[in-house]
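This briefing sets out selected features of the structure shown below. The points are grouped by topic.

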Amino acid sequence: MSRYLLPLVAVIGLILFLVVGLKRGDPRALPSPYIGKPAPEFELPKLKDPEQTVGSKDLSGQLALVNVWATWCVGCRAEHPFLLELEANDTIPIYGINWRDTRPEALRWIQQLGDPYVASGFDGSGRVGIDWGVYGAPETFLVSADGIVLHKHLGPLDRASWESDFLPLINGEGSMQ
Amino acid sequence: MKQILTLAFFMLAVSPVVAIDTGKAFDDPELQARYEKLISEVRCLKCQNQSIKDSNVFLAADLRREIRRLISEGKTDPEIVDFLVTRYGEFALYRPRTTGKTLVLWLAPFLLVLFGGVAMFRVLRHRMSMPLDDDAANEEAAK
């Protein structure tokens, strides 16, 4: 009997390993290498005013969200009302990176659906997107006052993920200060 | 029938033309070779299981553009790989580098073969030490 024990344990171990691998959630949700590290420096012309720029200088000194969005992105439309709600409640400043978009369409979007952003930077070429490791909009980064990336959310932001993933980190930051 | 075959033949002949920007990026064949090697080893993160050489998603095109830029700025291959890993993590590479984290990936195949070999050796030695009559009896029982 005991000679079957070792193979049996090995097979059960393998099955458990594979099951855990399968249940790990969305395989497309990749961990950002920036978590716990300084957010990449950036400076972009503002969407609404190309003469002015928005970038790392605006983020520093406050806890903020950096939201990567585009008008071609379906998930961005889905999360837009929630971003507006965060803005209406003065929850947290939200900075936008308008990624791989065209300026007229992005401006129309803001006009029609509302503007939850303190400012959006216009990244038509996608250069800044690459620096941030963006691979699919919408993506939302939580950046601490000293410029450290605390969390990255992939896909539309909603109340559930806000409460489970963002709020604990935000409260943690508050108690440290 | 013949016309259909002719048509099919021409369609076959045309399809490769719709491929991605496979045109030459560099006049220098050495740079071009480095470029092609790099883009075939970088995963397209939007379309996993494709390299950025094989994908026409705009993110892949953006990454090809960045790699072209870095090569023409005179960056070395390890520097370019670093550039990608800082931004997208080790997952972006089809050939993970040997670091502490990925060591298990590189060693696992050899360890598995080793374990299998040891197990097979033990089973075979056990079988060979069994009396031959036993095998005959087993075969008898199987019938």
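**Sheet of chain A**

S4(A) and S5(A) are paired in the parallel sense, over five bridges. The model is a predicted one.

Strand order and pairing
- Chain A has an open sheet of five strands in the order S5-S4-S3-S6-S7, with mixed pairing.
- Its edge strands are S5 (119–123) and S7 (149–154), each of which pairs on one side only.
- Direction ignored, neighbouring strands of this sheet are turned against each other by 20 degrees on average.
- The chain passes from S4(A) through H4(A) to S5(A) in a right-handed β-α-β crossover.
- S3(A) and S4(A) run parallel and are joined by five bridges.
- In that pair, Trp69(A) stands opposite Asn98(A) of S4(A).
- Strand S3 (residues 64–69) of chain A runs antiparallel to S6(A), and five bridges join the two.
- Leu65(A) has Leu142(A) of S6(A) opposite to it.

Burial of S4(A)
- Six of the six residues of S4(A) are buried, so the strand is largely enclosed by the rest of the structure.
- In a regular strand, side chains alternate between the two faces of the sheet.
- Both faces of S4(A) are covered: one side has the buried residues Ile94(A), Gly96(A) and Asn98(A), and the other has Tyr95(A), Ile97(A) and Trp99(A), also buried.

Backbone features of chain A
- The peptide bond between Ala137(A) and Pro138(A) is cis, with omega about -5 degrees.
- Pro138(A) lies in the loop between helix H5 (127–131) and strand S6 (139–143) of chain A.
- Asp90(A) is not a glycine, yet has a positive phi of about 55 degrees.
- Asp90(A) sits in the loop between helix H3 (74–88) and strand S4 (94–99) of chain A.
- Asp90(A) counts as exposed because it has 7 C-beta neighbours inside 10 Å, and the cut-off for exposed is 12 or fewer.
- Arg100(A), likewise not a glycine, has a positive phi of about 55 degrees.
- Arg100(A) belongs to the loop between S4 and helix H4 (103–113) of chain A.
- Arg100(A) counts as buried because it has 20 C-beta neighbours inside 10 Å, and buried requires 20 or more.

Helix H1 of chain A
- H1 (residues 2–22) of chain A has 21 residues, which at 1.5 Å a residue should span 30 Å; the end C-alpha atoms are 31 Å apart, which agrees.
- The number of buried residues among the 21 of H1(A) is zero, so the helix lies largely in the open.

- Chain B has six helices and zero strands, and its pattern along the sequence is α-α-α-α-α-α.
- Of its 143 residues, 15% count as buried.
- Among contacts in chain B between residues at least 6 apart in sequence, those joining residues at least 24 apart make up 38%.
- Eleven residues of chain A are in contact with 13 residues of chain B.
- On the chain B side, helix H3 (58–72) and helix H4 (77–88) are the elements that give two or more residues.
- H3(B) gives the largest share of that side, five residues.
- By class, the side of chain B that touches chain A has six nonpolar, three polar and four charged residues.

Terms used: Residues numbered from 1 in each chain as written. Chains lettered and ligands numbered in written order. Predicted model: local features only at pLDDT ≥ 70, side-chain atom pairs only at ≥ 80, totals over all residues. Helix = DSSP H or I, 4+ residues; strand = E, 2+ residues; numbered from the N terminus. Pairing = 2+ DSSP bridges. Axes fitted to C-alpha atoms, helices over the stretch in contact; angles between N-to-C directions. Contact = placed C-beta atoms within 7 Å. Nonpolar A, V, L, I, M, F, W, Y, C, P; charged D, E, K, R; others polar. Expected span 1.5 Å × (residues − 1). Right-handed = clockwise from strand over helix to strand, strands pointing away.
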